[in-house]
There are 2 protein chains.
Amino acid sequence: MTFSVLKRVLLGRPLPSQAFEQQRLPKRLALGVFSTDAIASTAFATQEILVVLVPAAGMAALGYLVPISLVVVALLVIVVLSYTQTLYAYPNGGGSYIVSRKNLGTYPSLVAAASLMVDYTLTVSVSVAAGVAAITSAVAPLRGNQTLLGVGLIAFIALANLRGVRESGRLFAPPTYTYIAIMTLLIGYGLFRTFTGDLHPLPVDHKELAHFTNPETMIGGVTLFLLMRAFSSGAIALSGVEAISNGIQAFRKPESRNAAITLTWTAFILGGLFFGLAVLADQLRPTLSESQTILSQMGRAVFGGGSSPLYIILQASTAAILTLSANTAFADFPRLSAIIARDGYMPRQLTNRGDRLVLSNGILVLAFAAGLLVVAFGASVSSLVPLFAVGLFTAFTLSQAGMVVHHWRLREPRWHVGIVINAVGAAATMLVLAVILISKFTEGAWIPTVVIPLLVVLFKGIHRHYATVERALHVDPDVVIPPIKHTVVVLVGERVHLGVLQAIAYAKSLHPQFLHAVSVVYEPEDADNRRAQWERFHLEVPLDVIDSPYRDLTGPVIEYVDKLDERWDSDVVTVIIPELVVRRWWQQLLHNQSALWLKGRLLFREGTVVISMPTHVLDPGEVKHPMPIRRRRRRRRNRRDQQ
Amino acid sequence: MTFSVLKRVLLGRPLPSQAFEQQRLPKRLALGVFSTDAIASTAFATQEILVVLVPAAGMAALGYLVPISLVVVALLVIVVLSYTQTLYAYPNGGGSYIVSRKNLGTYPSLVAAASLMVDYTLTVSVSVAAGVAAITSAVAPLRGNQTLLGVGLIAFIALANLRGVRESGRLFAPPTYTYIAIMTLLIGYGLFRTFTGDLHPLPVDHKELAHFTNPETMIGGVTLFLLMRAFSSGAIALSGVEAISNGIQAFRKPESRNAAITLTWTAFILGGLFFGLAVLADQLRPTLSESQTILSQMGRAVFGGGSSPLYIILQASTAAILTLSANTAFADFPRLSAIIARDGYMPRQLTNRGDRLVLSNGILVLAFAAGLLVVAFGASVSSLVPLFAVGLFTAFTLSQAGMVVHHWRLREPRWHVGIVINAVGAAATMLVLAVILISKFTEGAWIPTVVIPLLVVLFKGIHRHYATVERALHVDPDVVIPPIKHTVVVLVGERVHLGVLQAIAYAKSLHPQFLHAVSVVYEPEDADNRRAQWERFHLEVPLDVIDSPYRDLTGPVIEYVDKLDERWDSDVVTVIIPELVVRRWWQQLLHNQSALWLKGRLLFREGTVVISMPTHVLDPGEVKHPMPIRRRRRRRRNRRDQQ
């Protein structure tokens, strides 16, 4: 009762299934839901490139920023072109998983599924950790509670998603648009001021720089390996491109076209901001620092200091979009899980729509997994980032390899163009995947390399189980079941009460070939009393008394039924258990729960049917017989009075 | 499985009910079990008297020790004489509760029961807290973990008791006897040395004394009120006298005589040690200190310093007996609870004997309650002591007042003597109770004053509930139940499988006047598919499809059954639920548990019988049909192969 009230307050009233169509998103809200993750990565991807290079190159690292960003943007163009093909080819959604299942077979598709699930989970963890870091950098008193704040934020986002996808779009679009606007202003105004000579490169902070530079690594300088690692960090920016292709069905009709337009917008904004930031950093030359992000440093420089309103908006919307970018994963993970579950590789409950028509179970699973990661890595972005890109680029590669096979199989109009685009995409992303695995394996990339195969094994196990159940349950419509030969046992406790008489009457109505009552005694001397009591009722049913010296009810009853089953040529053994049902839960505590245990055990015994014969006892004073067997008319009147 | 193995290792193999007689205790072990509490109180009762008096009187407080101890010993003699009467009058045990129920009526007996239960719980908490204090005073690294140690000790004692009473006696007797021996030696050798002039009064430690004395309270000096409080603290020594009268049945035959002898021994040892300690303290004049108990100070003085082996034995056995004295309550609380439960004032489960023939539930309840107290009061003896004596002396008073009525009613031989003894006892303990309530009310005695009436209310509520159930279940042997008019509903899920066909066949075997199948759909468009599927099976049973727009199974089914019940003149509504049963618990997670919820809800619906029709699915590869309906012979062979 209390639980359902709380649920109403937190989630809102339930929505009927017919309301589903109305929940689809217009493009401007869809951009807020599905692109936040991709766009938000601009807030930390540039910094992550420097984190790799500065220890070896010092301030010279800034010179590599524009070239590396250009490679990342080129990769982005290739991947987005590739994915646009997919949006039209698979308008029902499913992205990498669907595409590889249709074209590459079961195992590649399961690898894609596992990769995406790992990646969505990491998206949530990394975004939330980065968002929390932004908040705690600004609000000093909150420092030290990063993990708690991270878990709280995840809970908040999960709740927003449990309320329903439309409300989520409303909630998340404003910060995304604010962030895009302020970043555009930062880059545009910043470059304008540098080119007009109004703004000069920032002075080098040698003290901060000393924290990052290491004389030993400086000797080696910038190796190819280091450049690969730096590029791998920058490639995180592509995370979130997959999201739209999985979520096509959340778009208004025509879904494919609207999704493709939204994807192009996303790529344009993401690429523009990412490249623009690299150019601006190359001009302003901020020093990598432990106390302030380079974005914050450039914001102060361009907007005129830490108290400028524009700087405050920049920092606040950065913190907001970082946190909320996790929402992309919350919009998409449940959809992907539902698709995988529909194919029988994940528990079916992931396809259930909740009261508010959202895939509640998927939302809860993601919140739990991401929360676990945040707790395990202490909400640290730099510890989580190396785990990040493996799943992402595995999924990209499989998806685009699948598209190549798709074009080859179907030979649709203009398939030559498509196959080239997707082949280039597949080759590029596979190369990047190799780069990431080689350059970041020992830093944490090994974790998804272990987890993804384990997930695939789990998927297969679940599928095998469902297949077994499927075969076991299958039956042809021409099957005829002959009349049943019943063997019935009525369980009798210490006393013969109305519930027992009703159970016997019920048992007789089955016209069993064998009907015995059975009673378990813990003290041998009770057996005679119990038999004598039974005689008094003249029930024409024999009573078997079982001695249980170890005071256990379940074991002896199961043993008794086993013997019965061996002796009699019966079809079904039915055990009737008279149960006492009281009004309040605390009253139930006053009665032995042994019948419950027995019911559980009998449920697992093959070929046994359990009948619960309840005896309802009402509140003090009102005594009412349970089933309308003898005094039916009075009972009904009583119940009406009570209502 | 794992749980039962753990249970075996911790508790030992189960014992049959016939083994009960062998579990009775010889006197020397009974003394260890039932007298530890009473004798152990000598380790702190003397100190508690000084804690009250020193702040007002300084070293002069020592002068009051012998007179107050004499009064306590006199009270002990009165109470023990009184209780010996009870042991013979009520050889089946039950002490204060039994005696007041037989002679004073229900309410006084419930007050006695509640008082005793509160008191046993406090016995455990205080003894364990004092034992932990003794341990942590000796082993410095353990300090600061008092609460954890207390809870651990309670768990240890509970476990020992769950293994069975005989083993407990073996475990607990040696420390008790060691403690008695070393204390006797301390007092005897100490007094010998002082009287021979070999040992002189200890020097006053003014620094320690300053911690306790308070110039303001010193002005008032020792008032009558203070003497009352000091006496109340000393009276704790009588705790545990009740224990034997409750536990008579654990003694070997003749129980009454053996119990009386053990009680006399206990009183003799307790009184001797308590008075002896007071005399020794009066001679040695130890200074009350925060770092060392007066017992420890006297031990050092008599046995010759902190490294003397006898001093170490004294301290170790003190710590041991204090901790283990909690065992008295663990031996007795469950017995008392079982007696009260048998009368219907406590949950019946408290009368169940566990695998090892002990009253496991009572042991667990006591361990939980005492653990809670230890946690709540941070394992501090001085905070717990004021709560202690109220319940004890309430129980004493009621018991002896009951004995007065007993003698008056029965007029047995020599009843005049008995009535005088018990009347003196009742008057004395009632006076002490008044003294305790007046002098310690604000210090904590108010807590039992509130808890005891609340427990009485709880007892009455439980009794009323059992009475209601009793009336509801009662039935005369001449009742005849006419044949039942059955209304049967078979719940059908998404697909028609073998389980459904079996459920229909089972339903038909009830020869119902009304038989429908019912299926719930969440999307309106599924309804036609479901009906079409049903048609294919030609089952001659109509299918009702219910639309559930909010995707809830339970609500619509209950509503459907309600309507059915209103429309049809049926006796019983039977709902048959086909259930999928898989081999392993994790496989069960892969299937919706909605049937379980529905079963729970239907159990609480009056006049409804629920039949679980299980479909068993075996491990991958092996597919086996659940019930031996069609391919019976093959199924049986399969099962035999599998075993």
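A crossing of two helices is called right-handed if the near helix is turned clockwise from the far one by less than a right angle, and left-handed if anticlockwise. That term is used below for one helix pair in chain B. The model is predicted. Chain A holds 27 helices and 5 strands, and an open sheet of 10 strands takes in strands of both chain A and chain B.

**Chain A overall**

- Of its 643 residues, 58% count as buried.
- Among the contacts in chain A with a separation of 6 or more, 80% are between residues 24 or more positions apart.

**The sheet**

- The strand order is S3(A)-S2(A)-S1(A)-S4(A)-S5(A)-S5(B)-S4(B)-S1(B)-S2(B)-S3(B), and the pairing is mixed.
- Its edges are strand S3 (543-547) of chain A and strand S3 (543-547) of chain B, each of which pairs on one side only.
- From one strand to the next, the twist averages 25°.
- On the chain A side, strand S2 (residues 514-521) pairs with S3(A) in the parallel sense, over 5 bridges.
- Within that part of the sheet, A:Ala517 has A:Leu543 of S3(A) as its bridge partner.

**Strand S1 of chain B**

- All of strand S1 (residues 486-492) of chain B is covered, with 7 of its 7 residues buried.
- In a regular strand, side chains alternate between the two faces of the sheet.
- One side of S1(B) carries B:His486, B:Val488, B:Val490 and B:Val492, the other carries B:Thr487, B:Val489 and B:Leu491, and all of these are buried.
- S1(B) pairs in the parallel sense with strand S4 (residues 572-582) of chain B over 5 bridges.
- S1(B) also runs parallel to strand S2 (residues 514-521) of chain B, to which 6 bridges join it.
- B:Val490 has a bridge partner in each of these two strands: B:Ile576 in S4(B) and B:Ala517 in S2(B).

**Val609 in strand S5 of chain A**

- A:Val609 lies in strand S5 (residues 608-617) of chain A.
- Its relative accessible area is 0%; the cut-off for buried is under 20%, so A:Val609 counts as buried.
- A:Val572 is 37 residues away from A:Val609 along the chain, yet their C-alpha atoms are separated by 7.2 Å.

**Helix H14 of chain A**

- Helix H14 (residues 255-284) of chain A has 30 residues, which at 1.5 Å a residue should span 44 Å.
- Of the 30 residues of H14(A), 21 are buried, so the helix is largely enclosed by the rest of the structure.

**Helices H24 and H26 of chain B**

- The axes of helix H24 (residues 554-567) and helix H26 (residues 594-603), both of chain B, come within 10 Å and cross at roughly 40°.
- This crossing of H24(B) and H26(B) is right-handed in the sense given above.
- H24(B) contributes B:Thr554, B:Val557 and B:Ile558 to the contact, and H26(B) contributes B:Trp597, B:Leu598, B:Arg601 and B:Leu602.
- An α-helix has 3.6 residues a turn, so residues three or four places apart point the same way.
- By class, the contact of H24(B) with H26(B) has 5 nonpolar, 1 polar and 1 charged residues.

Methods. Residues numbered from 1 in each chain as written. Chains lettered and ligands numbered in written order. Predicted model: local features only at pLDDT ≥ 70, side-chain atom pairs only at ≥ 80, totals over all residues. Heavy atoms only, no water. Pairing = 2+ DSSP bridges. Helix = DSSP H or I, 4+ residues; strand = E, 2+ residues; numbered from the N terminus. Axes fitted to C-alpha atoms, helices over the stretch in contact; angles between N-to-C directions. Contact = heavy atoms within 4.5 Å. Nonpolar A, V, L, I, M, F, W, Y, C, P; charged D, E, K, R; others polar. Expected span 1.5 Å × (residues − 1). Buried < 20%, exposed > 50% of the residue type's maximum accessible area, 1.4 Å probe, protein only.
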